[in-house]
Amino acid sequence: MDKIMDYQDILYSVKDGAATITINRPDKYNAFRGQTCEELIHAFNKAGWDKSVGVIVLTGAGDKAFCTGGDQSAHEGQYDGRGTIGLPMEDLHTIIRDVPKPVIAKVRGFAIGGGNVLCTICDFTIAGESAQFGQVGPKVGSVDPGYGTAFLARVVGEKKAREIWYLCRRYKAPEALAMGLVNAVVPDDQLDAEVEKWCAEIMEKSPTAIALAKRSFNMDTEHQRGIAGLGMLGLSLYYDTDESKEGGIAFKEKRKPDFRKFHR
C-alpha cells in the first residue's frame, strides 16, 4: 500500500508507535460514504504494515459521534461507492480483522449502526462517558448480516445481540461495559489519556506474539466472513424493495416508517 491517497474524509497520524485514523465528517456525525470507506481501507493497510506502528486507534472527529454508519444522504437504494451494497463493507471489516496489530475504537458520542459494528470488530473499545451504542437497521430498512450480527453475538451473547438488533435501543457507556461491548469507560476529558495508556502498554509487548494471538482469535470466527458475503448479497436485493426504501424516505421526511404495508 505504497500508493499515496489524498484523504478527504479521514485524518491519519502516527505518534509513539500508535497510528490514529479519524473519520473526519463531524457535520454528518461521522457517517461514512463510499469515499470514506476507501480511505479507511487504505489507512488501515498503511498502518497495518508499517513496522514502526504497533497499535491502531480508530476514532471520530468532534465530540458528538464516533460513527453513525452509512450516510443516508448517499443512499438511494444503493450507496455511492463500490461493493455489493455500494459500500466496500466486507473489505473494511476484513482489514480491521486482518491487520496484525490491535485496533482500539476510541468512542465519544454516538456509535450507532455501522459505527456500532466497527466497535464490535475492533480488538478493544474504550469509551468516554458520553458514548452511546446501538443499532438502527430495522428502523431504517437495513441490517448488517455478518459481523454486525453473528460476531456481535459472540461479543455480548446471543440474547443481548438479538435485543440490540430487534429493538434498536440505545445503550449508554456503562451498559455497554456491562454487556462486554466496551473494555473501559472514563470521563470524556480523560479518554485521550486512557487510550494513550493502553497504546503504551501494547507497545511494550512482543508484536509477533500479539499478531499470532490476533490471528488465533480470528480463526474461531473466520467462517463469518462467508456469512457476511452472502448476507450482503441478500441485503443488496433487499435495498431494491419498497419495504427497504420506505426507511430512507421516512428518514428524510422525519416521520416513522410504515414497513408493514409492504410486507405480504
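At what angle do helix α2 and helix α10 pack, and how far apart are their axes?

Guide: Happy to! First, a word on the model: it is predicted, so local features need pLDDT of at least 70 and side-chain atom pairs count only at pLDDT 80 or more, while totals for chains, interfaces and linings use all residues. Residues are numbered from 1 along each chain as its sequence is written, and side-chain values use heavy atoms, leaving out hydrogens and water.

Now to your pair. Helix α2 covers residues 89–98 and helix α10 covers residues 224–239; they pack at an angle of about 165°, with axes 10 Å apart. Helices here are DSSP runs of H or I with at least four residues, numbered from the N terminus. The axes are lines fitted to C-alpha atoms over the stretch in contact, and angles run from 0 to 180 degrees between N-to-C directions. α2 and α10 are therefore roughly antiparallel to each other, a label for angles over 145 degrees.

There is a handedness too: α2 passes α10 in a right-handed crossing, meaning that the near helix is turned clockwise from the far one by less than a right angle.

Which residues meet there? On the α2 side they are Met89, Glu90, Thr94 and Asp98, and on the α10 side Arg225, Gly229 and Met232. Contact means heavy atoms within 4.5 Å.

One more stop is Ser244, which lies in helix α11, residues 242–253. Ser244 touches Val140, Gly141, Tyr238 and Tyr239, leaving aside residues up to four places away in sequence. Ser244 is buried, at 4% relative accessible area, where buried means under 20% with a 1.4 Å probe and protein chains only.

Technical notes. Helices (H or I, at least four residues) and strands (E, at least two) are DSSP runs, numbered from the N terminus. Buried means under 20% relative accessible area, exposed over 50%, partly exposed in between (1.4 Å probe, protein chains only). Angles under 35 degrees count as roughly parallel, over 145 as roughly antiparallel, 65 to 115 as roughly perpendicular and the rest as oblique.
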